[in-house]
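Here are my notes on the model, point by point. Please read them with the structure open.

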Amino acid sequence: MCGIVGYIGFEDVKEIILGGLEKLEYRGYDSAGIAIANNNNVYVCKEKGRIKDLRGCLDVNVTGTLGIGHTRWATHGVPNKINSHPHQSCTKRFTLVHNGIIENENELREKFLKDIEFTSDTDTEVIVQLIEKFVSEGEEVELAIRHTMSELEGSYALAILDKEDMNTLYAAKNKTPLLAGKGEGFNMIGSDAMAMINYTNNFYEIEDKEFLKITKEKIEIFTIYGNKVTRDTYTADIDASDTEKGTYPHYMMKEIEEQPFVIRKIISEYSDENGDLFVEPEIVENVKACDKLYIIACGTSYHAGLIGKQFFEKIAGKPTEVVIASEFIYNMPLLTEKPLFLFISQSGETADCRAVLVKVKQMGFKTLTLTNVKGSTLSRESDNTLLLYAGPEIAVASTKAYTAQIAVLSILAAKVNNKINIDIFKELGKIAYTMETLCDDKDNYKELAEKFLVKSRNCFYIGRSMDYFVCLEASLKLKEISYIQTEGFAAGELKHGTIALIEHDTPVIAVITQESINLNTRSNIKEVKARGAATMVISLKKLSNETDDIVIDDVNELLSPLAAIIPAQYLAYYAALLKGCDIDKPRNLAKSVTVE
Ligand code: M6R
């Protein structure tokens, strides 16, 4: 969702801010803007559309060494130039960018800002007008910002410029990610480390309700009450090249093909010095000690959780329930006496998950987060964290994070191991090799996408047992980037209603990797074929027929989702490519979903 970058230092800020915003493009946005402090003035430029559109309208002659930038994913007010950030106060003294949602904007307008003529439809404008109001009533700028923070209900990451002080960048945070980057002779802020990684790898985490006063020499962090906070910096586990596409046409392709490497990296990160399985003992103990594991996640991470449940129940013998985060709050399952909550989130910032985390912590339960982003909100706020080690995932469609989630879940289940012994590293090693073989067959997937998918309005993925969970993820991949309406369906359930949707040439893709269901799913394929469907089969070699379209080398059946998803990711990629869709930044979607 929205992204923020800010810089104060000695270089011209234009490219620093625009480059930083480009690094945040993956989060999803529909407009962008920049403000540059220039000769006791603040130059503002904003535009609907992409960063390249913003570049197109920017006055290249404006220079400055202090600036803020923003990518907006519209929530309040349509995506247009006026609603884009930065927003300015009525006298234009203060200029501000904001990520998040202000829930009490109407009350604040009513209480403090009745006389103000607003120029946009955003909740954000309330913040900048409030700061100006409190300053006009005699408050010092710092106090006015903290006073404003204390009036706000909701989430915010803010970057603020004051026209009357060209040597300071102000920032604040609540429930929305924000990091400060420390440099030599400059300092930065950004929604994530990637926005700043070309300049610094030295970051301060910022806690909720903290306020920052930043000059080119120092970063000062304060509580909302004005008390100074001291904190050490940390380095992020990424380098600048991780965030580049290299020779790949799209991040999604790069990330699909990184999966074998990621699996091997996970094996090494979860090994001790003897090469044995290592997971932080406290985490293993917490899983062993709980009477039920509740997995909370959204989207692709939820799909990984469904497979994780199989591992925990079949390998670790631990009862597990998987709940969609946005449903949990309103429809909480009857909890056991000693539950453990496992949050799965690539970004570690998903607001729906965080809402559950806050709630279950209040209830006194133990929490664990599985995430790709060290230092992310969910990671910081949980009792323990397991990292994915997948490297930055930039494409909105999650690929390598999904398989990394499954791999780490299998490792945790194998470590707890109460039921069956599994040489998890050996099996994951086979998976990495099989993934490579599957990646080598991409021309085949392209042909299949062209033949089966490109001209279709809708499509079905069908499977049973573990294959059904793969189908859910495969269908999400296809629909989110190619816009083909796709359903992942339990193959045996088709005949109970949905088979009515099968028409001449409706694509039905069957996934068969489990011996126990092979014959049943094959019967379901015959049923849809008899009704005109165009069928495609992805199967494990030992279960395959001559006519199957994609055959996967034999791997452990429990881990087969890790292999079976690879062709499905490619099918989605090629269907989107052939349809001319924006693969890495599909419409309406954001990578990091920081609103509930
Ligand atoms: O960062 P998270 O894993 O918490 O994100 C959850 C979903 O928003 C995410 O998996 C989404 O479904 C992906 N775009 C799917 O490719």
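1. Terms and numbering. Helices (H or I, at least four residues) and strands (E, at least two) are DSSP runs, numbered from the N terminus. Residues count from 1 along each chain as its sequence is written. The model is predicted: local features need pLDDT of at least 70, side-chain atom pairs count only at pLDDT 80 or more, totals for chains, interfaces and linings use all residues, and side-chain values use heavy atoms, with hydrogens and water left out.

2. Two backbone points to check. Asn39 sits in the loop between strand E2 (31-38) and strand E3 (41-48). Its phi is near 50°, a positive value in a residue other than glycine. Then look at Pro86, in the loop between strand E4 (66-72) and E5. The peptide bond that joins His85 and Pro86 is cis, with omega about 5°.

3. Domains. The assignment for the protein chain gives domain 1 (3-245), domain 2 (248-436) and domain 3 (441-596). These bounds come from an automatic or database domain assignment. The C-alpha centres of domain 2 and domain 3 are 24 Å apart. Across that pair, 47 residues of domain 2 are in contact with 38 residues of domain 3. Contact means heavy atoms within 4.5 Å.

4. The antiparallel sheet. Seven strands form an open sheet, in the order E5-E6-E7-E8-E12-E13-E14, with antiparallel pairing. Two strands pair if DSSP finds at least two bridges between them. Strand E5 (87-88) and strand E14 (228-229) are at the edges; each has a single partner strand, so one side of each is left without a neighbour in the sheet. Strand E6 (residues 94-99) and strand E7 (residues 156-162) pair over six bridges.

5. Helix H4 (residues 124-136) lies across E5, E6 and E7 and runs at about 140° to E6. Helix H5 (residues 141-151) lies across E6, E7, strand E8 (165-174), strand E12 (210-214) and strand E13 (219-223). H5 runs at about 155° to E12. Angles run from 0 to 180 degrees between N-to-C directions, and axes are lines fitted to C-alpha atoms, for helices over the stretch in contact.

6. The parallel sheet. Five strands make an open sheet in the order E16-E15-E17-E18-E19, and the pairing is parallel. Which strands are at the edges? They are strand E16 (320-324) and strand E19 (384-387), each pairing on one side only. On average, neighbouring strands of this sheet are turned by 20° against each other, direction ignored. Strand E17 (residues 339-345) is joined to strand E18 (residues 366-371) by six bridges. Lys366 in E18 is the bridge partner of Leu340.

7. Helix H8 (residues 281-289) lies across E17, E18 and E19, at about 110° to E19. Helix H11 (residues 351-362) packs on the sheet and touches strand E15 (292-297), E17 and E18. The direction of H11 makes about 160° with that of E17.

8. The largest pocket. It holds about 740 Å³ of space. A pocket here is an open set of points on a 1 Å grid over the protein atoms alone, with protein on both sides within 12 Å along at least five of seven lines; a cavity is a set where a 1.4 Å probe fits but cannot get out; lining residues have an atom within 4 Å of a point. Grid points are joined across faces, edges and corners, and a volume is the space filled by probe spheres set on the points. Of the 38 lining residues, Ile238, Asn372, Val373, Gly391 and Pro392 are the closest to the centre. Domain 1 (3-245) and domain 2 (248-436) each give at least three residues to this lining.

9. The second largest pocket. Its space is about 530 Å³. Among its 26 lining residues, Gly299, Thr300, Ala590, Lys591 and Val593 are the closest to the centre. This lining draws at least three residues from each of domain 2 (248-436) and domain 3 (441-596).

10. The cavity. How many cavities of 30 Å³ or more does the structure hold? It holds one. The largest cavity has a volume of about 110 Å³. Its lining has 15 residues, with Cys2, Trp73, Thr75, His98 and Gly100 nearest the centre.
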